[in-house]
Amino acid sequence: MRSLETVELTKAFGGNVVLDKTTVSFRHGKVNALIGPNGSGKTTFFNCVTGMIRPDSGRVLYGGADITRRAPHAIARAGIGRTFQLCRVFPRMTVLDNVLAAARPANLFRGARGRAEVDRARGWLTKLGIEHLAGAEARNLSWGQQKLLELAGVLMSEPETVLLDEPAGGVNPALLDRIGGLVRELNAEGRTFVIVEHNMDLVMSISDHIVVFDRGRPIAEGPPAAIRSDERVLGAYLGV
Ligand SMILES: Nc1ncnc2c1ncn2[C@@H]1O[C@H](COP(=O)(O)OP(=O)(O)OP(=O)(O)O)[C@@H](O)[C@H]1O
């Protein structure tokens, strides 16, 4: 089965064509990476796939079903979760409350949460190694810890496919290793990943399949070893 694919997906902002009939598919059950130079349309691609912005034309298919232009919550319900480049957490809420609120906005009001949900939230915090911070306000966490917190919130919805937008951006090397390890672990448990990332060491070490964008189009795809030596990729990145 193909997990996530797009067919001639197109999006322009004014005259700036950011996604240009982008046809691409990601591997179900694998760790996929989406890489490309700054401005090549990676985040816009995520935004179109998750319903945050409307593509001008083309289709988004998930497990064969057409999810183009569905609302973000409907796409999340279909099994696709995502994190954001600029990490979305509530800074003055505790870590635990953040995770609960991510699962269900009603949890923003205390008392609306069940015991089972709290246990599940703590379970994710433990898995991600930040359980000891459950009672801390999110704003007191390091940037990398906030990214783990955001991921815990996404995992509360039990997504089958997780889109990560620059998980390593601004994260210290120790946490970087943990994030890489977690991706592999969650993948081994059956989750598909699509990861936008500039840290090539991380991309090369955790990906099964890499898609390279240049100006909103895939110019190469394949396993890390093939991408590393692909001349089109070197050209797009280094201008050679
Ligand atoms: N809401 C918007 N309105 C206007 N232009 C936008 C908008 N969102 C993105 N763009 C433009 O689309 C282009 C692609 O941006 P996008 O963020 O998708 O690229 P990217 O590959 O994710 O870049 P980076 O690696 O730097 O995060 C850029 O030229 C950007 O200025």
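Q: Which exposed residues are carried by the face of α4 turned away from its buried side?
A: That face carries Arg-115, Ala-116 and Asp-119. The model is a predicted one.

Q: Which residues of α4 are buried, and why do they line one face of the helix?
A: The general idea is that an α-helix has 3.6 residues a turn, so residues three or four places apart point the same way. In this case the buried residues are Ala-121, Trp-124 and Leu-125. Seen down the axis of α4, these residues line one face because they fall within an arc of 100 degrees. The helix itself, residues 115-127, spans 18 Å from its first C-alpha to its last, close to the 18 Å expected.

Q: What do the buried residues of α4 pack against?
A: In soluble globular proteins, nonpolar side chains tend to be buried together. Here, the buried residues of α4 pack against α3 and α5 (143-155). Beyond its neighbours within four places in sequence, Val-99 is in contact with Ala-121, Trp-124 and Leu-125, among others.

Q: Which residues touch the most other members of the largest nonpolar core?
A: They are Leu-34, Val-99 and Ala-152, in a core of 60 residues. Helix α3 (residues 95-103) gives the most to this core, with 7 residues. Domain 1 and domain 2 each supply at least three residues to the core.

Q: What is the mean pLDDT of the chain?
A: Where pLDDT is low, the predicted coordinates should not be read in detail. For this chain the mean is 90, and 94% of residues reach 70 or more.

Note on methods: Residues are numbered from 1 along each chain as its sequence is written. This is a predicted model: local features need pLDDT of at least 70, side-chain atom pairs count only at pLDDT 80 or more; totals for chains, interfaces and linings use all residues. A nonpolar core is a set of buried Ala, Val, Leu, Ile, Met, Phe, Trp, Tyr and Cys residues joined through C-beta atoms within 7 Å. A residue is buried if 20 or more other C-beta atoms lie within 10 Å of its own, exposed if 12 or fewer, and partly exposed in between; C-beta atoms are placed from the backbone. Helices (H or I, at least four residues) and strands (E, at least two) are DSSP runs, numbered from the N terminus. Domain bounds come from an automatic or database domain assignment. Two residues are in contact if their C-beta atoms, placed from the backbone, lie within 7 Å. pLDDT is the predictor's confidence in each residue, from 0 to 100. The expected span of a helix is 1.5 Å times one less than its number of residues. The arc is that of the directions from the helix axis to the C-beta atoms.
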